[in-house]
Amino acid sequence: MASGGKMKALSDAGPEEPVKRRKVAFAGVPESVVSSNANECIKLLFVSSAQDMQDESQREEIMCDPQFAERVFGEDGTIYGYRGLEIDLWLQSNTFHAYVDIRFTKKVEGGKNPPTDIWSKLKEVFGDSMTDDRESFVNSFAENSLAFEKMIKEKSEAVTKLWRIGCESPDDPVADNKCEVISDEISEKSGQIVRMELTDPTVRAWHKRLNPLSIFYIEGARPIEDDDPLWEVYLALEIKDERRKIMGFCNVYRFYHYPDSTRLRISQILVLPLYQGMGYGLHLLEAVNDTAVGRGCYDVTMEEPSINLQKLRDTMDMLRLLSIPSLELKAQVEDAISDGIQRLHLRKVPKLSRPEVPEVEAASAGSSNGLRGASSHKLTNGVKERSLLDPPKQLREEVRNLLKINKKQFKRCWEQLLFLHLDPQDKELQDVFQSGLIQRLNSELFGKDKELERQAGKQIFDTENEFDSSKTFVMVRVKTKTGEVPTSFETDGRSTEPAAEDKVKALQESLSEREEDLYGVARDVARHCQRVGIAIPTIEHWTKPEAQNAEENSSGSSSPM
């Protein structure tokens with residue numbers, strides 16, 4: 001009715017006037033929020049000559065996508081304000097001088113997110129080695145290549161012999177006729193690992209240009225402080241016609257180990273994307289370990305290895321343990337493996353008396369402190385019993401002394417060795433092994449925080465030396481007036497204890513990941529042992545095609561775990 005009255009009033013109002021309509025527009029997405037993902041729009045192209053830049057047919061063969069470009073452009077890796085954005089980063093293969101080519105169809109100004117200053121962001125990473133002058137970049141190839149060859153010849157030290165590309169080991173020299181070739185034609189390419197120290201200004205300047213690759217391809221990597229004289233870099237080189245090309249690199253730091261030794265820590269290792277899967281990573285790891293053995297270092301450690309790198313490391317150390325040059329120590333390892341398998345046999349539980357509760361859940365039953373298994377740390381005559389999957393302490397020390405495998409890594413390898421020697425038809429034995437694995441993971445995830453306990457009472461004091469007083473310190477443990485080391489530490493009063501269901505879930509995930517690692521390494525090691533003739537009781541099982549193993553498992557045939 002109200003609407004009818006209004007209509008009538010309008011009709012009585014005399015001559016009709018044009019009705020003014022308010023202009024209405026739907027709010028569109030502001031152009032300034034146009035964005036691109038850095039990992040998708042950036043391409044890295046590794047070139048050895050000016051011709052590589054001109055031959056478009058070769059582009060796909062020299063081009064790689066970055067993996068962690070968000071570290072340059074912010075947490076989410078977003079570049080704002082450009083439509084049709086493409087960024088080509090051309091890198092000279094050996095010297096890593098850079099040329100950047102930024103192309104877009106439209107630059108969108110204004111709005112909440114102004115266009116990203118792409119040049120400045122990249123300049124922060126590449127520094128003065130980056131240019132946007134294509135001509136000067138192309139003209140610098142010859143001079144830069146000669147400088148690199150001169151640096152390698154004068155500043156580097158060979159760590160391995162030459163090996164023909166495609167050989168199983170860098171110990172096989174190029175002249176060895178038994179060396180395998182990767183194609184029907186005889187390969188004239190050879191490989192070698194060399195080492196350089198960063199004390200030389202020429203090497204440091206070159207290494208600064210190498211640093212951006214760590215940022216783009218190693219998760220969480222930061223540029224190393226290359227003015228510290230304890231850094232050294234290992235290079236995997238491909239050599240052809242007396243010219244060298246870098247396949248990968250490894251940054252290593254020489255740590256002091258009390259009282260009179262050093263330990264080598266692998267900080268960063270990267271095989272360039274174009275050459276991954278060709279064995280260069282293994283060659284680099286072997287070279288670092290051989291150096292540690294030759295120098296008489298205490299051991300070799302690794303800084304936060306990725307999943308794939310840890311698997312490669314496990315495989316390498318397993319092969320070293322199975323082919324120890326010392327016959328006496330090799331016999332000790334074999335005896336200890338037999339003893340370890342026997343200990344697992346002694347823990348078998350008759351089927352009728354097994355608990356119905358799944359092992360992972362059972363680990364948390366009746367425990368007020370995490371998922372600690374009841375039998376993980378028994379005391380025998382006041383002495384803590386060795387964990388089910390732990391190696392003998394004396395053997396651990398002898399292996400560290402000979403092969404430089406550190407304590408944590410050797411315990412991991414020992415689990416791998418026991419797993420590799422499990423009878424694939426003995427399900428009860430596999431269950432006992434899994435139980436020991438659960439106990440170890442449980443203690444690792446939810447046991448008492450030993451790291452905080454170790455840190456209690458420690459203090460750090462800066463010290464001076466001839467190099468740089470701002471980078472040296474001494475750590476001491478302070479005792480109380482009674483002569484005891486304080487072992488308590490304060491918290492903010494909030495409970496950090498996870499819920500029981502979260503513990504079980506975390507343990508299940510860790511167990512699944514560890515079992516996957518065990519399977520993968522077992523297959524790789526067994527296949528290599530089959531090629532070189534190293535005897536393993538279960539080698540036939542682990543060298544079967546994976547599809548055949550999967551078919552047997554699905555039909556009820558047992559397989560380790």
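Predicted model: local features only at pLDDT ≥ 70, side-chain atom pairs only at ≥ 80, totals over all residues.

Modeller: Residues are numbered from 1 along each chain as its sequence is written, and side-chain values use heavy atoms, with hydrogens and water left out.

Biologist: What is the volume of the largest cavity?

Modeller: On a 1 Å grid over the protein atoms alone, a cavity is a set of points where a 1.4 Å probe fits but cannot get out; a pocket is an open set with protein on both sides within 12 Å along at least five of seven lines. Points are joined across faces, edges and corners, and a volume is the space filled by probe spheres set on them. The whole structure has four cavities of 30 Å³ or more. The volume of the largest cavity is about 60 Å³.

Biologist: Which element gives the most to the lining of the largest cavity?

Modeller: Lining residues have an atom within 4 Å of a point, and here they include R313, M316 and D317. Helices (H or I, at least four residues) and strands (E, at least two) are DSSP runs, numbered from the N terminus. With three residues, the top contributor is α11.

Biologist: Which element gives the largest share of the lining of the second largest pocket?

Modeller: That pocket holds about 770 Å³ of space. Its lining has 31 residues, with S48, K189, E238, K245 and Y275 nearest the centre. The largest share, four residues, comes from α8.
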